[in-house]
Amino acid sequence: MEFLVRADNNLPPDMPEQRRNELRAAERERAVRLREDGTLQRLWRVPGRTGWIGLFEAPDATALHDALASLPLWPWLDVTVEPLATHPQER
């Protein structure tokens, strides 16, 4: 099942820069693993924002939630998920 995921990063402005850098590095590492296992299909930045849009594939919504919750930035993400269905013209 495919999901369109939109996330805004809401790290506190007073978070120390070193901690921000550590979290971002860990986030990149986790995203690589999600790509390798096929969960993360595509990822885009949103120009002018700290947000991103991703195309994820998971067996169901619970598996997607588990993948998203595994992201190091999860506690600071505002996430919106849209499950996707195949359009008749794509069949």
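I searched the whole structure for salt bridges, meaning a side-chain nitrogen of Lys or Arg within 4 Å of a carboxyl oxygen of Asp or Glu, and the search found four. This is a predicted model, in which local features need pLDDT of at least 70 and side-chain atom pairs count only at pLDDT 80 or more, while totals for chains, interfaces and linings use all residues. Residues are numbered from 1 along each chain as its sequence is written, and side-chain values use heavy atoms, with hydrogens and water left out.

I looked up Glu82, which forms a salt bridge with Arg6, their closest N and O atoms lying 3.4 Å apart. This pair links distant parts of the chain, as Glu82 sits in strand β4 (residues 77-84) and Arg6 in strand β1 (residues 2-9), 76 residues apart; helices (H or I, at least four residues) and strands (E, at least two) are DSSP runs, numbered from the N terminus. I noted Glu82 as partly exposed at 34% relative accessible area and Arg6 as partly exposed at 37%, where buried means under 20%, exposed over 50% and partly exposed in between (1.4 Å probe, protein chains only).

I then turned to Asp8, which forms a salt bridge with Arg49 at 3.2 Å between the closest N and O atoms. Here too distant parts of the chain are linked, with Asp8 in strand β1 and Arg49 in the loop between β2 (40-45) and β3 (52-57), 41 residues apart. Asp8 is partly exposed at 25%, whereas Arg49 is exposed at 53%.

Finally I checked Glu29 and Arg33, whose salt bridge has its closest N and O atoms 2.7 Å apart. Both residues lie in helix α1 (residues 17-36), four residues apart, about one turn of the helix.
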